[in-house]
Amino acid sequence: MTTQVLFVVPTFNRARDLPRTLGAIAAQDWPDGQTEILVVDNSSSDDTPQVIADLARTLPCKVTYHRKAPEGPTVVRNIGLRRGIGGYVALVDSDVELTPGWTAATVGALDADPAIAQVSGPLVFAHDRGTLNSYGGALGPLGLAWDRLEGAPASDADTPEDVLWLNTAAVLFRPEPALAVGGFDEAFFYGYEEPDLGVRLAIAGWRSRVVPAAVAVHHTGTEIGASAPEIVFHYTKNRFRMGLKSLAPARLAVFLAANVLYGLADAMINPPRGARLRAMGWNLRHLPQTLALRRQAQAQRRVRDKAALSLLASRAFPPRRLAGLRRRPVHGNVVAAGATDDRVTTVRMDA
């Protein structure tokens, strides 16, 4: 029997991209009757509602539109996970184009191994489909996360592998285990929501996997500007909270000591200093809530840290440092004067 797949597409002011994204979902090698698209709009100000209405009339699969307050992508993803219980849930960003075999490849991986909670594949750049944006995610001992194989030839993504976390640009979930460990942390308005969930799944005994045939195309811009202070704030606060929730006591003590020292040094050396220091203060103010989430995560623990985190990278820092940029300058991406961080229109500083 063919599995029902709910495709959840979070969006904000991407009306021009939606026909390509939804068209690619509808063109999957998968039965239309087992495909549903849910577009969740974070209060776009463009003509997104009309575009979706037009697509709902013309695409062969069911298309549902839901408009909500601009609470960020983690809230949207949890809505999708809850809606998809009993089947599989695909999270697909509105600037991503799935290749026709993506669904068959990811569903096949979940069907073949009941211990896998989520599966994805090569994410390649639209401006150069021979170059990887990611093939799963890496996480270092300090908690710094980065895209695996970013900038490598797409041909390097040639074998299935277990990884610690997956990029939600295009990922298929078994929703029940993700929800059992708490789903996406909705205080993570931007950044680290994927590694955070991946680690919680790992300590609960679940696996995350990448498969070569599940290729997705990322239509991201090629001009890179500096990362906005709002984004630096969220990345820093989320990294701390991720460790606080998930790590066993012995590893947590080392993690906290190393991160406090690293965080202070980072704030002294690299601007924006205020955003980094505010992130540390945020974690102090929200510590009771974080500890409650820690109890929830640890109640699901089935595996010790040594086994759960066996896929941690040996290096503390990514192969290419961001150096204050919005993205890493890999093949085809260039640092451009005046380029802005396009994520700041949907983030808040003190979520």
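I began with Leu22 and listed its contacts, skipping neighbours within four places in sequence: Val9, Ile37, Val39, Ile52, Leu55, Leu59 and Val63. The model is predicted, and I read the contacts with that in mind.

Next I looked up the largest nonpolar core, which has 36 residues. Leu22 is among the members that touch the most others, together with Phe7, Ile37, Leu98, Trp102 and Leu172. I then checked which element gives this core its largest share and found helix H4 (residues 102-112), with five residues. Another core lies apart from it; this one has 28 residues, including Leu6, Val40, Ala204 and Val217. I noted that in soluble globular proteins nonpolar side chains tend to be buried together.

I then followed the pairing of E12. Strand E4 (residues 88-92) runs antiparallel to E12 and is joined to it by four bridges. Strand E6 (residues 116-120) is also antiparallel to E12, with two bridges. For Phe173 in E12, I found Val89 standing opposite, and Gln118 stands opposite Phe173 as well.

Val260, Leu264 and Leu277 make a nonpolar patch of about 230 Å². I placed Leu277 in helix H9 (residues 273-285). Why is Leu277 classed as partly exposed? Its relative accessible area is 43%, and partly exposed covers the range between under 20% (buried) and over 50% (exposed).

Methods
Residues numbered from 1 in each chain as written. Predicted model: local features only at pLDDT ≥ 70, side-chain atom pairs only at ≥ 80, totals over all residues. Heavy atoms only, no water. Patch = residues over 30% accessible without salt bridge, like charges linked within 9 Å, V, L, I, M, F, W, Y side chains within 5 Å. Areas by Shrake-Rupley, 256 points an atom, 1.4 Å probe, with all protein chains shown as cover. Salt bridge = Lys/Arg side-chain N within 4 Å of Asp/Glu carboxyl O. Buried < 20%, exposed > 50% of the residue type's maximum accessible area, 1.4 Å probe, protein only. Core = buried A, V, L, I, M, F, W, Y, C linked by side-chain atoms within 4.5 Å. Contact = heavy atoms within 4.5 Å. Pairing = 2+ DSSP bridges.
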